[in-house]
2 protein chains.
Amino acid sequence: MGKSFLVTRSEENYLKAIFHLGGSEASSIATNAIAEEMQTKPSSVTDMAKKLAEKGLVDYVRYQGVSLTEKGIKTALAIIRKHRLWEVFLVKKLDFTWDEVHEVAEQLEHIKSEKLIDKIDELLDFPKYDPHGDPIPTKNGEFQERDKQLLSELPLHSKGICVGVKDTSTAFLRFLDKNEIALGDSIKVLEREDFDDSMHIQIAERQLHISNQIATNLYVKKE
Amino acid sequence: MGKSFLVTRSEENYLKAIFHLGGSEASSIATNAIAEEMQTKPSSVTDMAKKLAEKGLVDYVRYQGVSLTEKGIKTALAIIRKHRLWEVFLVKKLDFTWDEVHEVAEQLEHIKSEKLIDKIDELLDFPKYDPHGDPIPTKNGEFQERDKQLLSELPLHSKGICVGVKDTSTAFLRFLDKNEIALGDSIKVLEREDFDDSMHIQIAERQLHISNQIATNLYVKKE
DNA sequence: ATTAAAATTTAGACAAATCTAAAAATTTGT
DNA sequence: ACAAATTTTTAGATTTGTCTAAATTTTAAT
């Protein structure tokens with residue numbers, strides 16, 4: 001079996017970025033898009049694309065961009081799995097807030113030990129979702145996106161359960177904390193303002209007025 | 001305050017090695033000794049010595065070797081603290097055996113997050129010793145070596161409590177596991193064989209015959 | 001269908017961390 | 001004290017991952 005041989009930390013980060021940009025589907029991802037995502041220069045992306053292609057992790061055609069191979073997808077999912085499991089660990093076991101976890105998980109995701117991450121998985125009782133509501137791939141790389149929609153798309157008077165966030169910036173997560181909006185909360189759309197698409201919602205026992213910018217960054221699952 | 005600015009992973013490993021070789025005392029540590037400890041070449045050590053000296057982490061005199069500065073000691077202790085706390089975590093929370101922890105802890109010790117390690121410390125209830133019996137430095141870099149001696153030096157008929165190991169090789173740790181010798185066990189010297197310095201010991205309810213090589217790698221604390 | 005704009009790649013350079021081989025300094029043995 | 005052995009350093013090369021600037025290819029507009 002192809003014991004994943006040597007994948008460097010930098011290569012792992014590229015694979016993750018490509019995956020997040022949709023590189024696991026048929027479509028190719030543009031050099032510029034990857035450079036943007038990774039906060040680096042397009043020329044660096046080109047160099048790395050060649051390296052990853054040589055290792056059989058991506059398909060790369062000059063001037064066309066890259067897409068992940070089967071092997072690349074597996075590797076990317078393993079990293080995402082680790083990242084999300086560590087996030088759960090930090091929140092559940094060490095009382096980190098959900099805006100604090102990302103930076104540390106970015107480091108922890110590169111720790112190489114199959115036993116370690118499987119034990120963490122077990123310690124957490126095999127969670128299916130991370131603190132932002134994103135699904136955690138299994139050991140075999142299976143994972144299903146939750147059936148969810150943006151709060152902004154929820155019809156008037158219908159109810160949903162908050163299951164995730166689209167924007168994971170510190171600012172947004174802090175806003176949610178401050179307004180006591182958490183995953184699992186039940187949300188009902190009471191009124192919608194046509195003028196600016198802001199809305200009145202019922203959340204737990206409270207009522208809240210939220211802007212469209214909030215509503216387009218909160219995922220809910222219809223009840 | 002000198003927020004430890006940038007210390008690379010490689011630099012951290014050198015500091016740790018120098019500390020282990022006694023570089024925190026007045027004595028200087030030879031280039032060759034460090035190369036041996038780090039499994040690298042003396043010329044690489046020279047290069048790094050200059051770099052560390054420039055950052056004020058070691059004192060370095062050409063052809064004389066290096067010794068840690070105050071700042072270098074602090075940095076080394078912070079890494080050792082992290083390494084040992086992670087070892088405790090792996091054993092206590094994830095059921096790793098004590099011969100499995102080192103390799104993973106070597107990676108985890110480089111994770112940069114003060115909050116993370118302090119929370120791990122708290123989760124473990126502020127342990128004083130790691131799974132091999134070595135003391136864990138406090139957040140302020142204080143740490144005291146335990147009052148201990150080698151089992152081989154324990155007088156005939158006297159008793160001690162097993163508090164640590166000198167050799168931390170997988171082979172030795174596995175041997176101890178197989179013979180059910182664990183930290184905390186009470187050991188009494190029943191008989192000593194002058195010919196080869198092997199000894200009969202009473203450990204818990206059992207009696208055991210152990211070679212001098214074992215006895216010179218087990219630390220006990222006199223009762 | 002050309003040309004202008006945008007995206008991408010190449011070429012050449014740099015910093016970090018390492019190595020080899022040769023030179024220099026120190027230590028050791030007598 | 002001086003030659004031989006050992007240790008240490010220097011000089012120059014290599015690898016990884018990055019960058020800038022220039023060249024090339026693709027895309028978009030008229």
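Colleague: What makes up chain A in terms of helices and strands?
Modeller: In this predicted model, chain A has eight helices and eight strands. Its C-alpha trace spans about 55 × 40 × 25 Å along the principal axes.

Colleague: What share of chain A counts as buried, and what makes a residue buried?
Modeller: A residue is buried if 20 or more other C-beta atoms lie within 10 Å of its own. By that test, 32% of the 223 residues of chain A count as buried.

Colleague: Which residues have the most contacts inside the largest nonpolar core?
Modeller: They are L218(A), V220(A), L218(B) and V220(B), in a core of 64 residues.

Colleague: How do you know what V220(A) is in contact with?
Modeller: Two residues are in contact if their C-beta atoms lie within 7 Å. With neighbours within four places in sequence left aside, the partners of V220(A) include L151(A), L154(A), I161(A), V163(A) and I187(A), and also K148(A) and Q149(A). For chain A as a whole, 56% of the contacts between residues at least 6 apart in sequence join residues at least 24 apart.

Colleague: Why are β3 and β7 of chain A called edge strands?
Modeller: The sheet is open, with six strands in the order β3-β8-β4-β5-β6-β7 and antiparallel pairing. Strands β3 (149-150) and β7 (206-210) of chain A each pair on one side only, so they are the edges.

Colleague: How do you know that β6 and β7 of chain A pair?
Modeller: Pairing needs at least two bridges. Strand β6 (residues 199-203) and β7(A) have five, in the antiparallel sense, so the pair qualifies. One of the residues involved is H200(A), whose bridge partner in β7(A) is H209(A).

Colleague: Which parts of chain A touch chain B?
Modeller: The contact takes twelve residues from each of chain A and chain B. On the chain A side, α4 (70-94), α5 (101-108) and α6 (114-123) each supply at least two residues. By class, that side has six nonpolar, two polar and four charged residues.

Colleague: Why is the relation between chain A and chain B called that of a two-fold axis?
Modeller: Chain A superposes on chain B by a rotation of 180 degrees, with 0.0 Å of shift along the axis and an RMSD of 0.1 Å. That is the relation of a two-fold axis. L108(A) has the C-alpha nearest the axis in chain A, 3.8 Å from it. The same surface serves both copies, as 100% of the contact residues of chain A recur in chain B.

Colleague: What makes a residue count as near DNA strand C, and which are the closest?
Modeller: The C-beta atom has to lie within 6 Å of the strand. DNA strand C is surrounded by 20 residues, of which A30(A), N32(A), S43(A), T8(B) and S44(B) are the closest. Two or more residues come from each of α2 (31-38) and α3 of chain A, and from each of α1 (9-20) and α3 of chain B. The most, five residues, come from α3(B). The surface divides into five nonpolar, ten polar and five charged residues.

Conventions:
Residues are numbered from 1 along each chain as its sequence is written. Chains are lettered from A and ligands numbered from 1 in the order in which they are written. This is a predicted model: local features need pLDDT of at least 70, side-chain atom pairs count only at pLDDT 80 or more; totals for chains, interfaces and linings use all residues. Helices (H or I, at least four residues) and strands (E, at least two) are DSSP runs, numbered from the N terminus. A residue is buried if 20 or more other C-beta atoms lie within 10 Å of its own, exposed if 12 or fewer, and partly exposed in between; C-beta atoms are placed from the backbone. Ala, Val, Leu, Ile, Met, Phe, Trp, Tyr, Cys and Pro count as nonpolar, Asp, Glu, Lys and Arg as charged, and the others, Gly among them, as polar. Copies are superposed by least squares on the C-alpha atoms of residues with pLDDT of at least 70 in both. A nonpolar core is a set of buried Ala, Val, Leu, Ile, Met, Phe, Trp, Tyr and Cys residues joined through C-beta atoms within 7 Å.
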